[in-house]
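Visitor: I have a structure open and I'm new to it. Can you walk me through some of it?

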Amino acid sequence: MNQVYALVDVNNCYVSCERVFNPKLKDKPVVVLSNNDGCVVSRSKETKELGVRMAGPWYQFKDLARQHGIIALSSNYALYGEMSNRFMSILGDFVTPAEQEIYSIDECFLELTQYQNLFNLTEYAQQMRQRVKQWIGLPVCVGIGTTKTQAKLANYWAKSQPDFNGVCNWLDLDPEIKTAWMAQTPAREVWGVGHKHAEALGAMEIKSIADLVKANPMQIKKHFSIVLARTVMELQGISCLTLETQAAIKQQIISSRTFGKRISQLDKLHEVITVFATRAHSKLRADESVCSMVTVYITTNRHREQDRQNTNRSFTVTLKDASDDILLIAHAARAAASKIYQAGYDYQKAGVILSAISLKKTCVQSLSLFEPDPIDAKKHEALMGTLEKVASRFSKKSLGIGVSALQGQSWEMTQAHRSPNYLCDWNDIPVVN
């Protein structure tokens with residue numbers, strides 16, 4: 001029995017999430033902007049047709065926006081994350097946990113090998129699309145193939161070819177039509193083929209996907225890498241990539257932001273670092289992990305040539321024992337910030353990096369007669385558990401360490417056009433009259 005994979009992908013994810021709660025945005029040109037409303041990170045179909053490019057600085061499109069009435073929204077990551085959780089949960093009803101890989105916030109691989117003799121897979125995928133649309137209002141497309149790379153390519157065709165009605169099944173495509181489409185589709189559209197790879201492949205007269213399929217994997221490995229060689233083999237129908245249902249232990253956890261307003265005072269920097277340490281700690285706890293190193297970096301805005309520059313300053317604090325204690329991690333982060341802070345500079349960005357990460361259940365603490373009473377560790381664990389329960393029930397900003405729960409700080413990132421947190425904040429829950 002041949003392996004079969006599906007890639008289910010939300011169309012224009014961030015824009016689509018916004019449209020679920022604001023139907024007035026339907027059929028309108030809409031963009032969602034990055035942190036501090038800087039760059040375009042999501043575009044509606046209407047906006048793409050107007051020539052707004054992905055990752056382009058928003059200020060470059062202000063005239064175009066006024067001319068065509070493009071609606072710009074600030075990123076609402078809490079909302080998008082919650083919608084993603086619901087999307088993945090719905091897909092989980094169609095397969096077992098071992099057959100589902102959450103690839104990104106808006107993409108999910110499913111293994112359908114065991115279902116190909118039970119269902120018409122194209123119809124099964126249509127059921128997925130219809131249920132996601134009906135239950136949470138998100139439009140999705142599905143690509144099906146004998147490898148993950150084929151599924152990814154089929155998903156691209158499902159989006160770009162309206163005749164598929166959102167589902168492209170590689171297994172059912174007419175061979176002549178498939179060959180023609182591969183000849184028409186540039187090699188750069190293949191998953192894992194970047195801009196530089198596409199240029200180098202073009203110099204070898206490998207310009208389309210049809211050319212790439214005909215390539216010798218060993219020659220590709222010789223000129224590029226084993227990774228690209230596997231991509232070619234996957235396009236040829238040889239499965240090299242399995243589902244990754246068990247998330248690997250993160251090597252680092254990073255929490256960083258560009259400030260909405262520059263910071264020059266140490267006490268304000270401590271506020272920022274405490275908030276970032278708290279956010280990174282939440283991810284550490286969610287992974288049931290501990291860390292041994294806490295790094296803080298700060299930098300000025302190198303684009304402001306009129307300002308004094310003090311870039312790429314960092315300091316690392318090594319903990320005596322690996323820990324997930326928020327009090328210890330926040331204290332270490334503030335201590336690191338104090339080490340690298342210098343008066344007289346306007347800092348634009350900072351970050352906290354947790355590293356030397358391991359699973360908590362496998363961590364062995366050092367023993368010492370002079371260590372605090374083990375009861376203290378239980379108190380810290382109880383404190384963190386309480387903080388997490390309050391955050392889960394009310395909001396992440398309802399309770400925190402020091403100033404980490406305070407809102408409206410001058411350094412918070414600019415979000416002038418953010419929609420309400422419809423699913424994540426009691427104050428923003430929609431009210432139906």
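Guide: Let's start with one residue. This is a predicted model, and Glu107 is placed in strand 6, residues 107-111.

Visitor: Is Glu107 buried or exposed?

Guide: Glu107 counts as buried, because its relative accessibility is 11% and the cut-off for buried is under 20%.

Visitor: Which side chain does Glu107 have a polar contact with?

Guide: That of Ser104, in a polar contact of 3.1 Å between the two side chains.

Visitor: And what is Glu107 in contact with, leaving aside neighbours within four places in sequence?

Guide: The residues are Leu7, Val8, Asp9, Phe87, Met88, Glu101, Ile102 and Lys152.

Visitor: Back to strand 6. How does strand 5 pair with strand 6?

Guide: Strand 5, residues 100-104, pairs with strand 6 in the antiparallel sense, over four bridges. The two strands form a hairpin, with two residues between them. Gln100 has Leu110 in strand 6 as its bridge partner.

Visitor: What about strand 1 and strand 6, how many bridges there?

Guide: Five, and strand 1 (residues 5-10) pairs with strand 6 in the antiparallel sense. Ala6 has Leu110 in strand 6 as its bridge partner.

Visitor: What holds strands together in general?

Guide: Strands of a sheet pair through backbone hydrogen bonds, in a parallel or an antiparallel way.

Visitor: So what's the order of the five strands in the sheet?

Guide: The order is 5-6-1-7-8, in an open sheet with mixed pairing. Strand 5 and strand 8 are at the edges; each has a single partner strand, so one side of each has no neighbour in the sheet. From one strand to the next, the twist averages 15 degrees.

Visitor: Which strands does helix 4 touch?

Guide: Helix 4 packs on the sheet and touches strand 1, strand 5, strand 6 and strand 7 (140-145). The direction of helix 4 makes about 10 degrees with that of strand 6.

Visitor: And where does helix 5 lie?

Guide: Helix 5, residues 121-136, lies across strand 1, strand 6, strand 7 and strand 8. Helix 5 runs at about 160 degrees to strand 7.

Visitor: New topic, aromatics. How many aromatic pairs are there?

Guide: The count comes to 16 aromatic pairs. One of them is Tyr14 with Tyr77. Their ring centres are 6.1 Å apart and the planes are at 75 degrees, so this pair is edge-to-face.

Visitor: Where in the chain are Tyr14 and Tyr77?

Guide: Tyr14 is in helix 1 (residues 13-21) and Tyr77 in helix 4 (residues 77-91), so the pair links distant parts of the chain, 63 residues apart. Tyr14 is buried, at a relative accessible area of 16%, whereas Tyr77 counts as partly exposed, at 32%.

Visitor: How far apart are the ring centres of Phe164 and Trp181?

Guide: They are 5.1 Å apart, with the planes at 75 degrees, so this pair is edge-to-face. Phe164 lies in the loop between helix 6 (148-160) and strand 8 (167-169), and Trp181 lies in helix 7 (residues 175-184), so the pair ties together parts that are 17 residues apart in sequence. Both Phe164 and Trp181 are buried.

Visitor: Which residues form one aromatic cluster?

Guide: Phe94, Tyr115, Phe119 and Tyr124 do.

Visitor: Last one. Which ring does the charged end of Lys148 sit over?

Guide: The ring of Phe109, at 4.7 Å from its centre. The charged end of Arg131 sits over the ring of Trp135, at 5.2 Å from its centre.

Conventions. Residues are numbered from 1 along each chain as its sequence is written. This is a predicted model: local features need pLDDT of at least 70, side-chain atom pairs count only at pLDDT 80 or more; totals for chains, interfaces and linings use all residues. Side-chain values use heavy atoms; hydrogens and water are left out. Buried means under 20% relative accessible area, exposed over 50%, partly exposed in between (1.4 Å probe, protein chains only). A polar contact is a pair of N or O atoms within 3.5 Å; within protein, one must be able to donate a hydrogen and the other to accept it, and residues adjacent in sequence count only if both atoms are side-chain atoms. Contact means heavy atoms within 4.5 Å. Rings of Phe, Tyr and Trp (its six-membered ring) pair if their centres lie within 6.5 Å; planes under 30 degrees apart count as stacked, over 60 as edge-to-face and the rest as tilted. A charge sits over a ring if NZ of Lys or CZ of Arg is within 6 Å of the ring centre and within 35 degrees of the ring normal. Two strands pair if DSSP finds at least two bridges between them. Axes are lines fitted to C-alpha atoms, for helices over the stretch in contact, and angles run from 0 to 180 degrees between N-to-C directions.
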